[in-house]
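Take a look at the protein shown here. We will walk through it step by step, from the whole chain down to single residues.

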Amino acid sequence: MKLLILGAFFAIAVNALAQTPTTLAAPTGNAQRGKVVFETTLRCFACHGYDGQTGSPRLVPMARSEDIFLAYVRKPATQGMPSFAAISEQQLRDVYAYIRSIPQAAPAPESVPLIKGILDRRTKAN
């Protein structure tokens, strides 16, 4: 049973990695500085979570190129996103590098129907 669950998690992880954009150019900013700007200066975590994977919208995996990201955060298309036009380009590039450095989390087991079914059957059997 444990081997089956482990195999299912492995399949999910491989699928998630396959869906991660691989054609984006490497970020030009500094991820360590970007983390500080993300968490303290801009407080992006308030809407996007500390790992960029909660809140709305999710930032991880980042599907935008660096230049498109910079253009968007300077002039957002939605009212819920504040404009960061006054923030230096380097700081925004650092934030982009930080977001791109965050590994994508695996989904909760309960959100995957196959795994949920296995866990439910196991619970009923015990």
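What follows goes from the overall fold to one helix, then to the core and a few residues.

First, some ground rules. This is a predicted model, in which local features need pLDDT of at least 70, side-chain atom pairs count only at pLDDT 80 or more, and totals for chains, interfaces and linings use all residues. Residues are numbered from 1 along each chain as its sequence is written, and side-chain values use heavy atoms, with hydrogens and water left out.

Start with the fold. The protein has 6 helices and 0 strands. Along the sequence the pattern reads α-α-α-α-α-α. Here helices (H or I, at least four residues) and strands (E, at least two) are DSSP runs, numbered from the N terminus.

Next, the surface. The accessible surface comes to about 8300 Å², and 61% of that belongs to carbon and sulfur atoms. Such areas come from the Shrake-Rupley method with a 1.4 Å probe; for residues, only the protein chains shown count as cover. Of the 126 residues, 31% count as buried. Buried means under 20% relative accessible area, exposed means over 50%, and partly exposed is in between (1.4 Å probe, protein chains only).

How does the chain meet itself? Take the contacts with a separation of 6 or more: residues 24 or more positions apart account for 63% of them. A contact means heavy atoms within 4.5 Å.

Now zoom in on helix α2, residues 31-41. Which of its residues are buried? They are Gly34, Val37 and Phe38. These residues cover an arc of only 95° around the axis, so they sit on the same side of α2. The arc is that of the directions from the helix axis to the C-beta atoms. On the other side of α2, Gln32 and Thr40 are exposed. The cover over the buried residues of α2 includes α3 (45-48) and α5 (89-101).

Look at both ends of this helix. At the start of α2, a side-chain oxygen of asparagine 30 comes within 2.9 Å of the backbone nitrogen of glutamine 32. Just after α2 comes arginine 43. Arginine 43 is in the loop between α2 and α3. Its phi is near 55°, a positive value in a residue other than glycine.

Now for the interior. In soluble globular proteins, nonpolar side chains tend to be buried together. A nonpolar core is a set of buried Ala, Val, Leu, Ile, Met, Phe, Trp, Tyr and Cys residues joined through side-chain atoms within 4.5 Å. The largest one here has 22 residues, and those with the most contacts inside it are Phe38, Leu42, Phe69 and Ile99. The elements that give two or more residues to this core are α2, α4 (66-74) and α5. The largest share, 5 residues, comes from α5. Leaving aside neighbours within four places in sequence, leucine 42 is in contact with Val37, Phe84, Ile87, Leu92 and Val95.

Aspartate 94 is in helix α5. Is aspartate 94 buried or exposed? Its relative accessible area is 3%, so aspartate 94 is buried. A polar atom of its side chain lies 2.7 Å from the backbone nitrogen of asparagine 30. Not counting residues up to four places away in sequence, aspartate 94 touches Gly29, Asn30, Ala31, Arg33 and Gly34.

Glutamate 66 is in helix α4. With 10% relative accessibility, glutamate 66 counts as buried. Its side chain makes a polar contact with the side chain of arginine 93 (3.1 Å). A polar contact is a pair of N or O atoms within 3.5 Å; within protein, one must be able to donate a hydrogen and the other to accept it, and residues adjacent in sequence count only if both atoms are side-chain atoms.

Turn to the cysteines. A search of the whole structure finds 0 disulfides. A disulfide is a pair of cysteine sulfur atoms within 2.5 Å. Cysteine 44 is buried, at 12% relative accessible area, whereas cysteine 47 is partly exposed, at 43%.

Finish in the loop between α3 and α4, where proline 61 is found. A cis peptide bond joins valine 60 and proline 61, with omega about 0°. Alanine 63 is also placed in the loop between α3 and α4. At 60% relative accessibility, alanine 63 counts as exposed.
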